[in-house]
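Here's a quick tour of one model. Have the sequence and the coordinates open as you read.

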Amino acid sequence: MRAYNFNAGPSMLPEEVLRRARDELLNWHGSGLSVLEMSHRGRFFPKIAQQAEADLRELMAIPAEYRVLFLQGGATSQFAMVPMNLLRGKRKASYILTGEWSKKAAEEAAQFCQLHVAGTSEKDHYTSVPAPETWQIDPDSAYLHITTNETINGVEYQFTPDVEGMPLVADMSSNILSRPIDVSQYGLIYAGAQKNLGIAGITLVIVRDDLLGRVVPGTPTMYQYHQHVKQHSMLNTPPTFAWYMLGLMCDWLKRQGGIPAVAERNRHKAEKLYACLDGSGFYHNGIRKDCRSRMNVVFTMKKPELEEEFLETARTEGLIGLKGHRAVGGLRASLYNAMPEEGVDALITFLRNFEHLRG
Ligand SMILES: *Cc1c(COP(=O)(O)O)cnc(C)c1O
């Protein structure tokens, strides 16, 4: 029996996707080869790569003037690649701090430019997104960076900020493809694949054409977006299997009815779980209601000394990965696209039973 995996990443994959990967593993579509063995420049892999991009473009309605890159190094490499490529002769960049990941992105950027913190929810311990009316964006910034879902803190933007005079850059690692977005409101979007898009090893970058081509001097070739654009993300050997898995995920998402249908399911799953937490006197979620993440539901228990027992009992019932991130502690349930509603229902039943026995 498969467990319900609530880990923040790598995360659960749809069983259908895993079965298809298994069925195709030894001999992909009669090629006589496994995807694991294929040359990225051979007869077959380019088809897999192109189909993945076409499906992703369709799902997100990516406008023609945007390039889609499939890179390595994780979202963490993007923390450096973004300033290296997008400063374009400017010296400053503005960042909104809403939790652990935006802080990391900003720290890295500070190595390349003058960091301007345009807004922060530090005062409320990163339990909200600061109101955009209060943001103080430096007009000389090369770009404004946001983290649309704070995976560790459980905070998510419920809006797309309107910025003028500079591109908006977003780390969407943990909520990409979970709800509809208008790509044209962003200059650049990046996301590691291992949360909502498949498996670890591949990182998606969606970037508007006109931002490319002017890098910080000394930037290594592998860190230049426009070099990857020129070579169709095959400047070197790409992570072929992860690219293939990303394609299977896109195909699966299309068959779920596309992003609007998936978003509706995600909203419903998260609402159910928050209602359960709010309705109990035993569990607590301290995120401001209009900033709560649909992807990562963080919570604590009235008796934190029971956390180990909680996690162990949950594990024996097939509910795994509920421990909060070490930076913030507590508990966390990640409800990415692949988490079925039955998994959320099983968690809710478990939460009620545990409270009944030990609360
Ligand atoms: C997981 C995560 C990262 C780091 O991703 P890696 O691919 O491990 O580098 C960065 N930002 C956010 C929002 C994340 O959730």
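This is a predicted model: local features need pLDDT of at least 70, side-chain atom pairs count only at pLDDT 80 or more; totals for chains, interfaces and linings use all residues.

Let's start with the helices. H2 (residues 45–60) packs against H6 (residues 240–255) at an angle of about 40°, and their axes sit 9 Å apart. Angles under 35 degrees would count as roughly parallel, so H2 and H6 end up oblique to each other. Their crossing is left-handed. On the H2 side, the contact is made by Phe 45, Ile 48, Ala 49, Ala 52, Asp 55, Leu 56, Glu 58 and Leu 59. H6 brings in Thr 240, Trp 243, Tyr 244, Gly 247, Cys 250, Asp 251, Leu 253 and Lys 254. Sort the residues of this H2–H6 contact by type and you get ten nonpolar, two polar and four charged.

Now for the ligand. It's surrounded by 13 residues, and the closest are Thr 76, Thr 151, Asp 171, Gln 194 and Lys 195.

| Residue | Atom on the protein side | Distance to a ligand oxygen |
|---|---|---|
| Ala 75 | polar backbone atom | 3.1 Å |
| Thr 151 | polar side-chain atom | 2.4 Å |
| Lys 195 | side-chain N or O atom | 2.7 Å |

Last, the backbone. Gly 9 and Pro 10 are joined by a cis peptide bond, with omega at about -5°. Pro 10 sits in the loop between strand E1 (4–5) and helix H1 (15–24). Then there's Arg 88: not a glycine, yet its phi is positive, about 45°. You'll find Arg 88 in the loop that runs between helix H3 (74–86) and strand E3 (92–97).

Conventions. Residues are numbered from 1 along each chain as its sequence is written. Side-chain values use heavy atoms; hydrogens and water are left out. Axes are lines fitted to C-alpha atoms, for helices over the stretch in contact, and angles run from 0 to 180 degrees between N-to-C directions. Helices (H or I, at least four residues) and strands (E, at least two) are DSSP runs, numbered from the N terminus. Angles under 35 degrees count as roughly parallel, over 145 as roughly antiparallel, 65 to 115 as roughly perpendicular and the rest as oblique. A crossing is left-handed if the near helix is turned anticlockwise from the far one by less than a right angle, and right-handed if clockwise. Contact means heavy atoms within 4.5 Å. Ala, Val, Leu, Ile, Met, Phe, Trp, Tyr, Cys and Pro count as nonpolar, Asp, Glu, Lys and Arg as charged, and the others, Gly among them, as polar. A residue is near a molecule or strand if one of its heavy atoms lies within 4 Å of it. A polar contact is a pair of N or O atoms within 3.5 Å; within protein, one must be able to donate a hydrogen and the other to accept it, and residues adjacent in sequence count only if both atoms are side-chain atoms.
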